[in-house]
Amino acid sequence: MTPHRLLRIAVVHIPALVLAALVLPYLALWSRLPDPVATHWSGAPNGYMPRVLELVLTVAPWLLLAGRAAWPTLKHTVWDQPPGKEPSLLVPPLTTLYFIAGVVLVAHTLIIWANLDVKQWTSARHLETIPTVASVLAVAGLLAWAGRLVENRLAAVERNEPIPPPALELDLDERVMWWGHATNHGLLLFSAGTSVFLLLGNPSTSQGPLRYAIPLLVLVVGLLFATVHVTANRSTVLIELGPWRWPRKTIRVGDLRDVSVRELQPLRYGGWGYRSCGSRCRAFIIRRGNALVMSLDDGRTVMVTVNDAANAASLLRALLASSSTNV
Amino acid sequence: MLVRIKLTSEAPLHSQIGAQLRLAIANHEVPEGQRLPPARRLADALSVNMHTVLRAYRQLESEGLIDLRRGRGATVQRGAGKRARELLGFADRVFLDAKRKGLSRAQLASLLEGQL
């Protein structure tokens, strides 16, 4: 099987199968499900929503996520290829995508099973938390592992070369600094919207301090990772998160071994925020696109998605070059 | 954006900083609504006095390019890009005229100072 055929199966056919698995059984069993259906449990069912809404809230996010994950890949592989050259691949974030597919499939199947042939949602079958979560994670983990296998197979063929930054020459009497930022407005809206949704929530769910704490946590985490400010000068690179510019990370220029710019896809690293990008590699992923990639002398790598990353890389490379000639 | 200042340049440090920020605003490198780095942060990074940076910021504020507020920092104003391009275009025309008339940069600066 060619890599391109495998890619097409992975990003088009399999997500389509997942979509069919979400929709078709639900529709086939429609008349055997109560309306509303139980959708929340704490042992016994304690939350509900209309049948239609449950289906829409399951299918729509999956469609958006799978489409969003597949689009750059399809665009790169099918539409953006230079003529006459061997088409290169852009590997989609299959590990994350298939993990989410597992979560959605199992959760949706359990909802169908628990509500099947009951007269009303309060009579739905019980779902104990630990076995439910364990089964969701087991299936999702298995699918994620399969996604990782496919990613690794495709990554061998992928070409994601570093983007060479423009050359920069510095004079000895020159003082120089670079600053940049990145903002993910979609993430801001999503976290604000999710907070409101959780706060207003389902009237049948239990009240208590968690009702306010969780929406607040979602909002704060969203704010933290929706913006990054980066500054660089002759001695340090400073990465600051969020509107309060905290937490922050400082990297000494003297500890850098190499600097480059790469194109990052958040879902390849499990999403947005502070992510692991491999052994001894950490990434501040605010949005998709160009990222400043800093390799340190001790083998660690730090990446941060930021606007104008090319000029930052130019500056840091020029500083590294001047320090190596001064040694 | 990159900010570079030369200690040996004839131009004062605050003018160098202001000129680069003005150009960046004109080129949309720093978009409208974007907050500039805090003056203290920029000063520390360039190893200059904070008041040097503040002088540059105040110059840009007087040109209508940024909004400078205590506690909120400096923000690029709406329409600043167009205004910055107009100012730079005006300066270019003055320099070209002066050059055609055989005036040096220092002579032009002295002439303008005298008029003001």
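## Strands and pairing

Two strands count as paired if DSSP finds at least two bridges between them. Strands themselves are DSSP runs (E, at least two residues), as helices are (H or I, at least four), numbered from the N terminus. This is a predicted model, where local features need pLDDT of at least 70 and side-chain atom pairs count only at 80 or more, while totals for chains, interfaces and linings use all residues. Residues are numbered from 1 along each chain as its sequence is written, and side-chain values use heavy atoms, without hydrogens or water.

## A sheet across two chains

Look for an open, antiparallel sheet of five strands, running β6(A)-β5(A)-β4(A)-β3(A)-β1(B).

In one of them, A:Val176 has B:Arg4 as its bridge partner.

## The nonpolar cores

A nonpolar core here is a set of buried Ala, Val, Leu, Ile, Met, Phe, Trp, Tyr and Cys residues joined through side-chain atoms within 4.5 Å; buried means under 20% relative accessible area (1.4 Å probe, protein chains only). The largest has 34 residues, and A:Ile239, A:Leu292, A:Met294 and A:Leu316 have the most contacts inside it. Helix α7(A) gives the largest share, eight residues.

Beyond its neighbours within four places in sequence, A:Leu292 is in contact (heavy atoms within 4.5 Å) with residues including A:Val259, A:Val304 and A:Leu316. A second, separate core of 29 residues includes B:Ile17, B:Leu36, B:Val53 and B:Leu65.

Notes
Chains are lettered from A and ligands numbered from 1 in the order in which they are written. Buried means under 20% relative accessible area, exposed over 50%, partly exposed in between (1.4 Å probe, protein chains only).
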